[in-house]
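Subject: Handing over the structure

Dear colleague,

I am passing the structure below on to you, and my notes on what was found in it follow directly after it. Please read them with the model open beside you.

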Amino acid sequence: MRTSEPDPTDRHDTAGAEPAADVVIVVHVVRSGGIAGLTREWTAEPQPTDAPRWIHLIDECPWEASDSAAPPRGADRFQWRISARCADEPARRAALSDDELEGPWRQLVEEVRSFGGTPRERAGR
């Protein structure tokens with residue numbers, strides 16, 4: 001992934017040429033837990049023309065600091081699993097409690113939920 005600072009020579013830069021057509025971005029969000037114990041999933045696969053904005057959203061999240069595997073504290077709390085893949089780079093993954101879903105994480109999740117429309121839903125974990 002890139003750092004959050006834009007690189008003027010980067011092929012995804014919005015100031016210059018169009019992004020390469022082969023830029024594939026997939027962000028997947030899974031929310032489990034809650035009162036009913038349902039699991040909901042959203043996926044965003046934006047067009048290459050939207051790649052710079054999505055790369056920025058992904059890069060803003062503190063992936064290295066988010067290896068929380070502890071169960072959520074309190075009754076009926078949500079657990080969030082987020083994965084993001086850009087082009088040929090390895091996927092980034094994070095597991096967060098509801099309390100940890102703030103700042104850049106919340107912004108990324110909200111964008112994916114808006115992009116994906118109606119979530120897929122399944123019972124159990």
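The count of aromatic pairs comes to 4, where rings of Phe, Tyr and Trp (the six-membered ring of Trp) pair if their centres lie within 6.5 Å, and planes under 30 degrees apart count as stacked, over 60 as edge-to-face and the rest as tilted. One of these pairs is made by Trp 42 and Trp 80, which are stacked at 6.4 Å centre to centre with 20° between the planes. This pair links distant parts of the chain, since Trp 42 belongs to strand 2 and Trp 80 to strand 3 (residues 78-86), 38 residues apart. Trp 42 and Trp 80 are both buried, a word that here means under 20% relative accessible area, while exposed means over 50% and partly exposed lies in between (1.4 Å probe, protein chains only).

A further pair joins Trp 63 and Trp 105, edge-to-face, with 4.8 Å centre to centre and 80° between the planes. Because Trp 63 lies in the loop between helix 1 and strand 3 and Trp 105 in helix 2 (residues 104-116), the pair ties together parts that are 42 residues apart in sequence. Trp 63 and Trp 105 are buried as well.

Trp 42 and Trp 80 also form one aromatic cluster together with Phe 78. Over the face of Phe 78 lies Arg 31, at 4.0 Å from the ring centre; the rule for such a placement is that NZ of Lys or CZ of Arg is within 6 Å of the ring centre and within 35 degrees of the ring normal.

Before going further, please note that this is a predicted model, in which local features need pLDDT of at least 70 and side-chain atom pairs count only at pLDDT 80 or more, whereas totals for chains, interfaces and linings use all residues. Residues are numbered from 1 along each chain as its sequence is written, and side-chain values use heavy atoms, with hydrogens and water left out.

As for the overall layout, the protein has 2 helices and 5 strands, arranged from the N terminus as β-β-α-β-β-α-β; helices (H or I, at least four residues) and strands (E, at least two) are DSSP runs, numbered from the N terminus. Of its 125 residues, 37% count as buried.

Strand 1 (residues 25-33) and strand 2 (residues 39-44) pair in the antiparallel sense over 5 bridges, pairing being assigned if DSSP finds at least two bridges between two strands. Val 30 has Glu 41 in strand 2 as its bridge partner. The hairpin of these strands has 5 residues between them, and there Gly 34 takes a positive phi near 85°.

Ser 32 also lies in strand 1 and is buried, with a relative accessible area of 8%. Leaving aside residues up to four places away in sequence, Ser 32 touches Leu 38, Thr 39, Arg 77, Phe 78, Gln 79 and Arg 81, a contact being heavy atoms within 4.5 Å.

Helix 1 (residues 51-60) is largely enclosed by the rest of the structure, because 7 of its 10 residues are buried; among them are Trp 54, Ile 55, Leu 57 and Ile 58.

Finally, the structure holds 0 disulfides, a disulfide being a pair of cysteine sulfur atoms within 2.5 Å. Cys 61 counts as buried at 3% relative accessibility, and Cys 86 counts as buried at 5%.

With best wishes
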